[in-house]
Every structure is written in structure tokens, then in C-alpha cells.
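I opened the notebook to record what I looked up in this structure, in the order in which I looked. The entries follow the display.

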Amino acid sequence: MNIVRLSSIRKYYRSSAAQALDGVDLELDSGEIHAVVGENGAGKSTLARILCGFERPDSGSLYVKGERADFSSHRDAERAGIGFVPQYSMLAPGLTAAENVALGHEPRRLGPFTDRRRASYEFSLLADRYGFAVDPDAVVASLSAAERREVEILRALARGGSALVLDEPTSILGEKETASLFALVRRLRDSGAGIVYISHRAGEIADLADRVTVLRSGAVERAFAAADVDECELAGLIVSGAACADPDRTEGGRTAGLRGGAAPGEPALVIRGVSQRARGSGSLLRVDLTVRSGEIVSVIALGGNGLETLEDVAAGIVSPDEGDVLVKGRPLARWPGRELRSRVMAYLPTDRENRGLSPKASVAMNAVAGRLFDYSFSEFAAGARPLADAAGMLGGFGVANWKGRRVDTLSGGNRQRVVASRELSGGAEVVVAANPAQGLDRGARSRLFSRLAAMRDSGSAVLLLSSDPDDAAELADRSFALYRGRLIPVERGESFEAAFSKALTGARQ
Amino acid sequence: MRPGFRTRFHIETIHDAGGTKAAVRLVAALASAATLAALAAAFLSSEPSSALRAFFLAPFGTEAAFLSTLELAAPLAVCALGVIVSFRAGHYSLGGEGQAYAGSFAAALAAPVLYEALGPASVPLSILIGASAGALVAAPSAIGKRLAGADVLLTSILVSQGVIFAVDWAIGGPFRDRSSNLVAMEALPRGALLPRLAPPSTLTAASIVALAACLAAAFYFDRTRSGAAHDLYGRNQRFAELQGFDVARLSWAPIIAAGVLHGAAGAMMALGARGTAIRGMSGGIGWSAIGAALVAGSRPQALPFAAVLFAWLDSGSRQASILSDLPPDAGQAIKAVVILAVSARPAIAALRRRR
């Protein structure tokens, strides 16, 4: 049975002069997972926003259970039974998990007062029903990215029901959280819900979806049953021109060509005896880690094991409670800010919206922000050189149509490309890359990893922090798992995956 | 335009294309102000035609009236520039009124002494002293922000209110000119005032200073590295820090710079048409400056137009209240609605996007 049908949906953004959707048709049946896939900027998120009432189409029709629907807000979509899990957190950081889920539908007590205990109780029931373990009274700002994603999902489930739209839900989840999410999505499907699953990860789609619609430049390129194609073919459809059979792939399915062969040089980033207290299980306990020039060291962790804290410490966002962080032999805190950030350390943060970008500034300004003071007064005033530099950097990562645009008009993947183009263009000696492939399609991910490998080959020390073991397997020369704040070395043995899964669950301790 | 001129002399911009929106905001503000003024004259006055004539024509009816309206706009533009400097760094300082008042008082206090010593060369020094007084009033907020991360919105308004009470007391008490019915300091010697450019109008060199300040600020924000860093800091402090900008300096310097501009604006009022410091003379300028900055979309190049619009509303409503029975507060009410109308544009744009 058809739950939702979109017919000839068109959407044009005047601010970016972009035809985001151009006559898109989509059907979602009950009890199916319908994947919407495509490159960064293909229109996937716009389609999701229209389906969920955040935006209105310029033309076209939307039908819910056969009835014509016209959503003027997301609340209308929720009333029609459509829940939404956004790509970026839309939670109120100062409220608790339970308050976020209840927001706008708060249980009342004595008239106007919110019944917080009841909200908390209802949250617990919902979380228990779907197998989540988030503390209802935890303030969202203190939750890990994975926990926040769980709260987003619970919020969507609390309102929606018959249809759920998931916009790149695994971009910041680790393996374990991803597996739980997949199990949940399958349970929902089996209970009769329809799921729109937006992603550009071929493996996920092949594993999960029943039907696939491929978007390219805002139009439907192809729609087919997922069983009709294999993962490799699917990857080629998501990114046009992507090679189906990758000659570099090893038997284990990993790209081996990006690993370095040369011996690493001097220690460039040293984390020595670092302990850092953090909320929940995010603390670090006497972490020792050295990254030498010319090597990529990865640290992989599931959510809540201290990866975000390690990112903060390694990037100099916080000073550790105990221990030192040395960059090129000098304590991180003693580096002059401008020199450190513009020449010595490149940093790709997990939280790209708050740390990696100034969303309301232009794309070009974001691209050259790190080298602003390298320009002379007259060069910057004339504008030509910064613009040419921005063009070079952005072009290297495939960001097009950026002139005169603000960053917040770009798609999520293109925003990540802007961060990568700025941070990886200056030949930094130390790179801290935290979940650098989040939101990137296969082509952009491969370009990013090639760039990281090239920097390593030219002598940079790269610390890769990721929730995705595939990143480490593909790129790293040495790897560690972070489990409950302690580093566990991962040996390259007979089975990389097995070593990782043991380390990530603490089985090697 | 000669062929090739554009190619050779075209200056490219690294900013987004949002600048055109400032013109739209100005037109929207002007249209809503004119409509509201007409409605106010029609419904609040028993002599609508006199009120309309007074509101629309009196401020521009003669050359002298037009130039006097420009003079009224000059300190407002400088004050609004202070608002832009502070707001674009993400510091929501609401202390403009007290800073301007302190500037007026300090300039009126220093001008006679300096004039006696230096003659006409005292004028820029008097303005400098006014600007310094504004900076001094802004300093507690700046220091609080830098050292303790104190909320500038609260500290600036608290300090400003204290200063307003103190200056009120000083002008009405020990420094009052007892020979005048006005609660004011002694009238300044003519040579200690800003030179008049086109008598009999009140237009002084303040208008040129204000225009130059707006253009310089536009250049600073659009074409300098420090201006770009200032803006990026205001939009996302963590991002600015991670790009290696001097965030310690940006946490206090724009607050002091805004104080300097507010103080200078106060000094211009005292050394301009008023000719001395009068009790309550800066009343409402802080609010009007925030309104003008909003109407200009925080773009300094649009500020002269926004300031003239607000000066017209002040002058027009005053004239209409004298020449007809329009309530004297009509101008303030219209200003409030214009600010609301202009501030509501993002919400309207968001609604239009949805459609």
C-alpha cells in the first residue's frame, strides 16, 4: 500500500540560483525501505525536507495514503505520520533528551506547567521499546554524537509512525550503533512502516534497502529494486563514473593503495600520559600516542568511548587535566595561534558546523579564512588573489558554483568539501582529521583520502580519528582502538576486522 | 563606460552577494515609514493636510531645512556605526546612549579650556576627548568580557544607566549654567564649535566626518583582513579561534571601538547644532542607532541613508506636532514599526522560501 507519493516535485533556490529538484517522482509503500541515493548536492536533502514539511515545493504534488497533502510546517507532516531524522542535529542543546523528544507536545500538569517526570517516563518507555539506552535526563549538550542521533530517532518515532525519513543517519555513527540502527529500521519496516533512507553509502543501501531511487542534479536518474544490483554496481550509480571494480581492492574488500611504504620520520604529534575527565564514558585515561612525520595513525572508537575528548585534546580545544600534547616538540598551548593554525596544524573537526565553518559567511571566505593574514593589505583589498586561491582550493575538491554564495546554501557534503579544501591545501605538518569522510560521497571520499595519503607521503603526520573502521583499514599505517578511554593497539594480522571488533568492544583487554 | 574599463578596474569581492539586500531593506524602510507617516497624519490629527505637509515637506521644504535634517543625521550615523562595529563582532552592546552622553559632557567640559589654549584647533581635540569618554564608559564591559566572559548586553546597559544618572546630576548640578532656563552647561564659544558649512542651516562638518567614517568602515569590513576576521569572529567565535585569529583582542577591542564612536557622536552633538551639553540630549539615540543599523542591514555604506531616514522621522514628527496637532511621539512610534517591518524581513523571506 502506498503511504506517500511525490509527483513532479520541483524546487528552485533563488539564493543559490540552483534547481535543487526538477520533476522528481517518488513512491513509498508500507513495509518497505526506499533508499534515495546520489552524489553530494544531488537534491536528496531537499527532497527529504519537502517530504517532511520543512519546505514547500515550487510545483508538484504530495499524497499521503492517497490523499493530497499540503504541508505548511513540519508539524503538519508529523500529524500525517511522517517523522524526520535530520542529517545535522536539530536538538535544543540546553534541554534534556526527554524534553527534546517532548518539545512542542509536552505533557501538562496543573494547566500550563510541563510535567517533566511524565516526559521522562514516556521517553524511557519509548527508548526501551526501540532498544535505546539514552539517559532521559541527560542534557543534550553532554551527549555524544551517536547518542544525539538516537534522541533524534526517538523524537521522530514519537511523532511519526507510518513513515520515517532518515537523512544520512549513519554519517557519524560507529559500527555498533549502525548495526543497532539497521536492526531498528528493519523492525520498523516489518511492523508496516515505510522508511525513506537517504545515503550515499552503497554498502548500507545494498544491505538494507528494498527499493532504490537515484537522484542526479535534482532529477530521478533511475529507480529499481535493490535486489537487482550488487553493491559495486550501486556505487557506480551513486557517483557517476565511479569504477565498479577497484583494482586496488584486496581480498578483504579494502583499498590498500593508500597505505604508505616509507619509514616514518620524527615525532610530530605526541600525546603523552594524557588524562581528561569528561561526562559519561567519554574520559581519557593516561593515553600515550605518537604520530610521526610521514605516517597516518588512526584511532577508532564506538560512540562514548572518549573519541570526541581525544579530538578536543589533540586539536588543542581543551588542555588535558594531566599529561602533555606536543606538536613538533613544543607544547600545543605554547604555539602562537596564528602560526599553529595557518601553517602547522590542519584540523578537520567532527562538528564541522560549529568548528569547521562559518555558515553565514561566503564559501570563498571560508576557504581562505586560515590564510587570511598571509595576504598583503592590497592583495586582500583587491580581492582577486584570495578569490583565485579559493577557486584553486575548492576546485581541487570538486566544489562548483560557489561564487557569491554563503556556506549555508551548500549541501552537507559540499560543506565538508569546503572544510577539507581549506585545511588540506596548506601542506600542514600535522593533520588531525576527525571523521573526515562524514557526509561525503564515494568520489569525494576517495579524493579526500588520496589527499591525506599524499600529505603523509610528503612528510605530514596524520592523526585520523574515526568511528568507521573502514577509514582506518583503507588509510592508516598504524591503528588503535579507543575503548573506555584507553588506547588498544590493533595489530595487522590475519583478520583486520576481527582485531578491530575485539578492540572496539574491549575484548583484547 | 570605455571598453576594457570594467575588466581592468573591476574589484572582485570575496564576500557573498548579500550586499544588494541592504538596498532592498532601505527601500522597504522608506516605503513603510512614508505609509505609516501618512496614516498617522490621516488618523491621529484633526488637520491631516497640515500634518502631512509638515511631516513630509517641512524637513526638506527649503535648502536650510534639508541641510539641518542632514546635520541631525550625522551623530546618529556615527552612533549607529558604533552599533555595527560592536554587533558585527557578536557583542550586543546596548550602552550607546550612556557612552554618547558621556562624550557630550566631556567634550562640552573640555572645549572652552582647549579653545582658550588652542583656538579653532581645539575642535578635533574636543571630539577626541568625547570619544575617549565613550571608550571609558565602554571599558568595564570590554574588560568584563575579556577577563570573565561577562555578558556585554547586561554590563553595557548597567554601566550606561549609571553614567546617564551621573551626567544628569553633573549637568543639572555643579556644571549647570544658572543663567539659562535650559538645564544645560554653559554655551560654548562659537569658535569652539564645529564649523558651520552652510548658514543659516545648522549643517556642520560633522556630516562630512560621519560620511567619511561610514565609508572607512565599509572599506574596513569589505576590504581588509582585520575586518574579515572581525566579521568571522562575530559569526562563529570557535571557528575564528581555530583559524588562528586573535580572538583575545576581538573579545574586547570592538566594544571599545564602539564606545569611541558613540562618544564621538555625543561630542558632535555638543559641538554641533546644540552648542553645549544639555540634560537628556542623548535620550533615545542608542535605540535610534540600533534601529538605523538594522535598517542598514549592518552595512556601513547604507548607514547614511538609514540615518537620514530616521532624522527625517524625528524632524518631520516634531514639525508636524508644532504645525498641526499630531502627537509628538508619532515619529518614535513610526520608527518602532519601521524597525519591526525591516527586522521581520528574514521571517518573511523564510516564508517565501517555503512557498
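Entry 1, domains. I first looked up how chain A is divided, and found domain 1 (1-81 + 160-245), domain 2 (93-159) and domain 3 (267-504), with bounds that come from an automatic or database domain assignment. Taken over C-alpha atoms, the centres of domain 1 and domain 3 of chain A are separated by 30 Å. I note that this is a predicted model, in which local features need pLDDT of at least 70 and side-chain atom pairs count only at pLDDT 80 or more, while totals for chains, interfaces and linings use all residues. Residues are numbered from 1 along each chain as its sequence is written, and chains are lettered from A and ligands numbered from 1 in the order in which they are written.

Entry 2, a sheet in chain A. I traced an open sheet of six strands in the order β18-β19-β20-β15-β21-β22, with mixed pairing; strands (E, at least two residues) and helices (H or I, at least four) are DSSP runs numbered from the N terminus, and two strands pair if DSSP finds at least two bridges between them. The edge strands, each pairing on one side only, are β18 (345-348) and β22 (486-490) of chain A.

I found 33 residues of chain A in contact with 24 residues of chain B, where contact requires C-beta atoms, placed from the backbone, within 7 Å. On the side of chain B that touches chain A, α9 (225-235), α10 (237-242) and α16 (345-354) of chain B each supply at least two residues, and α9(B) gives the most, with six.

Which residues touch the most other members of the largest nonpolar core? They are B:Ala80 and B:Ala306, in a core of 108 residues; such a core is a set of buried Ala, Val, Leu, Ile, Met, Phe, Trp, Tyr and Cys residues joined through C-beta atoms within 7 Å, and buried means that 20 or more other C-beta atoms lie within 10 Å of a residue's own. Helix α4 (residues 63-87) of chain B contributes the largest share of this core, 14 residues. Leaving aside neighbours within four places in sequence, the contacts of B:Ala306 include B:Leu26, B:Ala80 and B:Val295. I also recorded a second, separate core of 87 residues, which includes A:Val368 and B:Ala229.

Key. Two residues are in contact if their C-beta atoms, placed from the backbone, lie within 7 Å. A residue is buried if 20 or more other C-beta atoms lie within 10 Å of its own, exposed if 12 or fewer, and partly exposed in between; C-beta atoms are placed from the backbone.
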